[in-house]
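Let's take a walk through this protein together, with the sequence and the 3D view open beside you.

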Amino acid sequence: MSVTTLLAMPSAAGLFARAMTASGAAANTLTAETGAFVARVLADALGTEPSREAIAALDLDTVVKAVSDLVTEVQSAPDPQKWGALVLSMLPFAPVIDGTVLPRHPLEAIAGGASRDVPLLVGTTRQEARLFLVVPGTIDEVDDAGLAGGAAAYGLTPEGLDVYREHHRDASPGDLLAQIVTDWYYTLPAIRLAEAHERGGGTTWAYRFDRPSQEDNHRLGAAHAVDTPFVFGTMRNPENALLVGGEPSQAVADTTHGAWVRFVKHGDPGWAPYTSATRTTGLLAETVTVVDDPDGELRRTWDGIR
């Protein structure tokens, strides 16, 4: 979301030759009112006034701990009465549409042509949200009732949930909830960004990172952040073993790194641009598979919702 926010900021116009968003889009922003509310909560925890000057005057470690505690509260004990819509995004700190630095929602600005001259590569991993359900061990605690309630909280209709069940017939309730959250939080915002960039006159390429398989990396699969070691060739570093598994594929790294390098050097990752008519997407695995509108039936369940 940092990249798309910069593309929407008038003060950053002309600073970028190309842009890439990895697992990030323009959906997670705060209104000025929500931003002010979060600032007040943080300031109360710090025992000071909710102003830049007051918070800046405090010890840095104290501020960092208060920020971390606030994020933990939103993400581990999300009380809708207190946090409102933030319990869905779980991001109390995000770009604020303040009317000055960020005059309007990034999607509106991009659809209005704010980044028309910047070629854009936008993508996600296939199973982003598994990181947040597998690591704490909660994915196996989700039952059918929890799945139905979770899907409803994200706005998915019962008919839409049936589409997910049909599309992933062997998936557990936890697996299905992970995919629903993945699509709400990552996949659909990336698609909406590509659509907005097209409306604004820009050119976009879309990708989806599809590896590793769940059995290869402790059930994470193609979860959030798993793509990063493959992009930068660091998948054999010991600290990345949890993400990528014990035997990460060099072919997947070569494919993913190669697509990014081609885009950086030439402004084209190697497949056709994304348009609302074709929805062409490069699926990154051992090779690139080019598909029009992958999982289109799932995408359509979110029309008018997300």
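Leaving aside its neighbours within four places in sequence, which residues is R211 in contact with?

## Starting at R211

The residues that R211 touches, once neighbours within four places in sequence are set aside, are A222, V226, V252, L284, A285 and E286; contact here means heavy atoms within 4.5 Å. With E286 there is also a polar contact of 3.2 Å between the two side chains. A polar contact is a pair of N or O atoms within 3.5 Å; within protein, one must be able to donate a hydrogen and the other to accept it, and residues adjacent in sequence count only if both atoms are side-chain atoms.

You will find R211 in the loop between β5 and α12. Its relative accessible area is 27%, so R211 is partly exposed; buried means under 20%, exposed over 50%, and partly exposed in between, using a 1.4 Å probe and protein chains only. For a sense of distance, R211 and P238 lie 27 residues apart in sequence and 19 Å apart in space, C-alpha to C-alpha.

## What you are looking at

This is a predicted model, in which local features need pLDDT of at least 70 and side-chain atom pairs count only at pLDDT 80 or more, while totals for chains, interfaces and linings use all residues. Residues are numbered from 1 along each chain as its sequence is written, and side-chain values use heavy atoms, with hydrogens and water left out.

The protein chain has 15 helices and seven strands; helices (H or I, at least four residues) and strands (E, at least two) are DSSP runs, numbered from the N terminus. Along its principal axes, the C-alpha trace spans about 55 × 50 × 45 Å. Of the 306 residues, 45% are buried. Among contacts between residues at least 6 apart in sequence, 70% join residues at least 24 apart.

## A strand enclosed on both sides

Now turn to strand β4, residues 120-125. Six of its six residues are buried, so the strand is largely enclosed by the rest of the structure. In a regular strand the side chains alternate between the two faces of the sheet. In β4 both faces are covered, with L120, V122 and T124 buried on one side and L121, G123 and T125 buried on the other.

Which strands pair with β4? Strand β1 (residues 19-22) runs parallel to β4 and is joined to it by four bridges, with M20 opposite L121. Strand β5 (residues 204-209) also pairs with β4 in the parallel sense, over six bridges, and F209 of β5 is the bridge partner of T125. Two strands count as paired if DSSP finds at least two bridges between them.

## Charged pairs

Side chains of opposite charge can pair when their charged atoms come close. The whole structure holds 15 salt bridges, each a side-chain nitrogen of Lys or Arg within 4 Å of a carboxyl oxygen of Asp or Glu. One of them joins D210 to R126, with the closest N and O atoms 3.8 Å apart. This pair links distant parts of the chain, 84 residues apart: D210 sits in the loop between β5 and α12 (227-232), and R126 in the loop between β4 and α8 (130-134). D210 is buried at 10% relative accessibility, whereas R126 is partly exposed at 31%.

D210 also meets R208 in a salt bridge, at 2.7 Å from N to O. Salt bridges that share partners join R126, R208, D210 and D295 into one network. R208 counts as buried, at 12% relative accessibility.

A separate example sits in helix α10 (residues 158-167), where R165 and D162 are three residues apart and so separated by about one helical turn. Their side chains form a salt bridge at 3.5 Å, N to O. R165 is partly exposed at 33%, and D162 is partly exposed at 45%.

## Another arginine, R192

Our last stop is R192 in helix α11 (residues 173-199). R192 counts as buried, at 18% relative accessibility. Its side chain makes a polar contact with the side chain of E195 at 3.2 Å and reaches the backbone oxygen of R306 at 2.9 Å.
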